[in-house]
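Here is a short briefing to read beside the model.

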Amino acid sequence: MYEEEMAAVYDFVYCGRGKDFRGEVDQIMDVVRARKPHAESLLDVACGTGEHLRYLRENVAHAEGLELSEPMLRVAREKLPAVPLHHADMRTFELARTFDVVTCLFSSVGYMSTVDELTAAIGRMSAHLAPDGVLVVDPWWFPEKFLDGYIASDVVRDESRAVARVARSTREGGATRVDAQYLLADDSGVRHFTDTQLITLFEHSDYLGALRAAGCDALHLAGRFSPRGLFVGTPH
């Protein structure tokens, strides 16, 4: 769960590291349009600060977002005041409507800690799909692809602040543990904070099984969007 300090620098850090949110949305919409050319409504599950959602909404008449972290949701609400944004858990949410497209991006589904939780979350996403809708899930690394002990480092800056990030990713049971240290300098001074995330290393078959259990035809598009590919579900 992302806290206040991380939410405040999240967009700055990831955009500064080169994450192309608009370009990723273009790829997502290519996948969607190939299956539903006239999609008009979209729900982004685990929308975070709304950076993907700000571009997703340009492609549909109506878009909504859902996020569990209140600090991240506050950033999204400041950014997207006209977009309905819901504080809810992807495992249990109920919005009393359906959407042509449901997305879950940036490996957010990896925060489910068990296959049962993964199945519950994808089940709720599928329950909010229109009968001919499209569900797009961006997975975390598969166990055989994860690089245990991977070290990352970045410095991003503009005219008023700089953030240095160093992180090490290790295997902890069936999950990735990402321990990150941040050093932030701005006009208020220099401060330090830490951020630790546990992200489950689900098998390829776990994602396909969860989609099928949710009543979807399931497909993995290897090499699309990221090295992990994308999972796509369409209702039977």
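The points below take the domains first, then the helix packing.

This is a predicted model. The protein splits into domain 1 (4–142 + 203–235) and domain 2 (150–200). Helix 1 (residues 4–16) packs with helix 4 (residues 70–79).

**Domain interface**

- The C-alpha centres of domain 1 and domain 2 are 24 Å apart.
- Domain 1 brings 15 residues to the contact, and domain 2 brings 17 residues.
- About 1500 Å² is buried between domain 1 and domain 2. Carbon and sulfur atoms account for 63% of that area.
- On the domain 1 side, Phe12, Arg17 and Trp140 supply 41% of the area buried against domain 2. No other three residues of domain 1 supply more.

**Helix 1 against helix 4: geometry**

- The axes of helix 1 and helix 4 lie 8 Å apart, at an angle of about 40 degrees.
- Helix 1 is therefore oblique to helix 4. An angle under 35 degrees would have counted as roughly parallel.
- Helix 1 and helix 4 cross with right-handed sense.

**Helix 1 against helix 4: residues**

- Helix 1 makes the contact through Glu4, Ala7, Tyr10 and Asp11.
- Helix 4 makes the contact through Pro71, Met72, Arg74, Val75 and Lys79.
- By class, five residues of this helix 1–helix 4 contact are nonpolar and four are charged. No polar residue takes part in the contact.

Methods: Residues are numbered from 1 along each chain as its sequence is written. This is a predicted model: local features need pLDDT of at least 70, side-chain atom pairs count only at pLDDT 80 or more; totals for chains, interfaces and linings use all residues. Side-chain values use heavy atoms; hydrogens and water are left out. Axes are lines fitted to C-alpha atoms, for helices over the stretch in contact, and angles run from 0 to 180 degrees between N-to-C directions. Helices (H or I, at least four residues) and strands (E, at least two) are DSSP runs, numbered from the N terminus. Angles under 35 degrees count as roughly parallel, over 145 as roughly antiparallel, 65 to 115 as roughly perpendicular and the rest as oblique. A crossing is left-handed if the near helix is turned anticlockwise from the far one by less than a right angle, and right-handed if clockwise. Contact means heavy atoms within 4.5 Å. Ala, Val, Leu, Ile, Met, Phe, Trp, Tyr, Cys and Pro count as nonpolar, Asp, Glu, Lys and Arg as charged, and the others, Gly among them, as polar. Domain bounds come from an automatic or database domain assignment. Buried area is the accessible area (1.4 Å probe) that two parts lose on being put together, summed over both.
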